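Here is a short briefing for a first look.

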Protein chains: 2
Amino acid sequence: MTARSSSESSRDIPEATVARLPVYLRALNTLADDGIRTCSSEELALAAGVNSAKLRKDLSYLGSYGTRGVGYDVDYLRYQIAREIGVTQDWPVVIVGIGNLGHALANYSGFRSRGFRVVALLDADESRHGEVVAGVDVRPFGDLEEIVETHGVAIGVIAAPAGAAQDVADRMVSCGITSILNFAPAVIVVPDGVDVRKVDLSIELQILAYHEQRKANSA
Amino acid sequence: MTARSSSESSRDIPEATVARLPVYLRALNTLADDGIRTCSSEELALAAGVNSAKLRKDLSYLGSYGTRGVGYDVDYLRYQIAREIGVTQDWPVVIVGIGNLGHALANYSGFRSRGFRVVALLDADESRHGEVVAGVDVRPFGDLEEIVETHGVAIGVIAAPAGAAQDVADRMVSCGITSILNFAPAVIVVPDGVDVRKVDLSIELQILAYHEQRKANSA
């Protein structure tokens, strides 16, 4: 865990800025992959798809202002953002529901490279138990409590069918999980103090549709 | 297709606003599901996770200002946003790569409900041909051109392995596809005029990690 003073950890970063930090991190990773060592706020803003004034404002919450005439050091800024998000530490994660989506998530390389380690795959379906996906055994859903305790799991991923999502969430919460990523197409209700985020795989497709429509109208 | 004047279609909406429109649409759908007919900008902003000044500014690009003392009509605003994005029309989509992720995407109910219709599933692996996923036949990748022409497909989804992603993209572009949603963990290069968006399934997980870290620090 990164050492930080209590004054640092109590700063409030606006939620919209928090949501953009992973996008900046992704853009910086792409720049780094291309061998780029420093970038201007304009270049980074373009790569991240935001305007540069907003980018500079967002990064100012991290105390990161770049160097006049040079811009931002790509590696250092990656480190600053990763530390702020918390992905410089190791996050054990459980995935519940090992259908197609659960399989795809278990195999998804982008989790591991961002500090997320899938420690267990759970499914209610007995016929799946003992199957090994991406090097991890599929275990009974009933093992959730033991696994959460053993590995100190704070984050659970729901890839179960919509009808099971609330039950899975309730059980996660009762085991002490305090953050839930919900891929099931269902609204789940959790107590205060538990964060839920819902993934909508159609959002990016909608952004493409917007541009397609404009291309069609201008053609 | 929605009728619109050329002056309307030539307005420039900032990219960041475009990216938030599907988020507002999702929030409005949730409000509508809860039986809510009108909402204030503050309520909608909260549901969408943005600040209300930004929400009002974003919606002003659509000519949507709500009614003083009443707020926004949920159904009408849904329609306005859906029309602006272009999801009031039907978008035929092909998915290439029918591994676990391709299966999950083909079965994903959120595409159909947003105007995206999966017209074909393609895979290079012969052993998959003839398989039916979510009511759609898996066909040889070589059929791409014929399918794109027959259905007027403008949007392609890449769910192939990273190593195949660029080849798939090249082939899509040569067939006339002008928007690509790339789920493969690989950077793909396309000519000007083709839009590519990359889905990073770890972004929401990173936002959760940020809040978990803060909970841990304040405990």
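Asp195(B) and Lys215(A) join their side chains in a salt bridge, at 3.1 Å from N to O. This is a predicted model. The rule finds four salt bridges across the interface of chain A and chain B.

**The interface of chain A and chain B**

- On chain A, 68 residues are in contact with chain B, and they meet 68 residues there.
- About 6300 Å² of area is buried between chain A and chain B. Carbon and sulfur atoms give 60% of that area.
- Polar contacts link 22 residue pairs between the two chains, counting pairs with both residues at pLDDT 80 or more.
- Several helices of chain A give two or more residues to the side that touches chain B: H2 (15-33), H5 (74-85), H6 (100-106), H7 (109-112) and H10 (203-218).

**Aromatic pairs**

- Are Tyr108(A) and Phe111(A) buried or exposed? Tyr108(A) has a relative accessible area of 14%, so it counts as buried, the cut-off being under 20%. Phe111(A) is buried as well, because its relative accessibility is 3%.
- In chain B, Tyr108(B) and Phe111(B) also form an edge-to-face pair. The centre-to-centre distance is 5.0 Å, with 70° between the planes.
- Tyr108(B) is buried at 14% relative accessibility. Phe111(B) is buried at 2%.

**Charges over rings**

- In chain A, the charged end of Arg171(A) sits over the ring of Phe141(A). The distance to the ring centre is 5.2 Å.
- In chain B, Arg171(B) lies over the face of Phe141(B). Here the ring centre is 5.2 Å away.

Conventions: Residues are numbered from 1 along each chain as its sequence is written. Chains are lettered from A and ligands numbered from 1 in the order in which they are written. Side-chain values use heavy atoms; hydrogens and water are left out. Buried means under 20% relative accessible area, exposed over 50%, partly exposed in between (1.4 Å probe, protein chains only). Rings of Phe, Tyr and Trp (its six-membered ring) pair if their centres lie within 6.5 Å; planes under 30 degrees apart count as stacked, over 60 as edge-to-face and the rest as tilted. A charge sits over a ring if NZ of Lys or CZ of Arg is within 6 Å of the ring centre and within 35 degrees of the ring normal. Contact means heavy atoms within 4.5 Å. Buried area is the accessible area (1.4 Å probe) that two parts lose on being put together, summed over both. A polar contact is a pair of N or O atoms within 3.5 Å; within protein, one must be able to donate a hydrogen and the other to accept it, and residues adjacent in sequence count only if both atoms are side-chain atoms. Helices (H or I, at least four residues) and strands (E, at least two) are DSSP runs, numbered from the N terminus.
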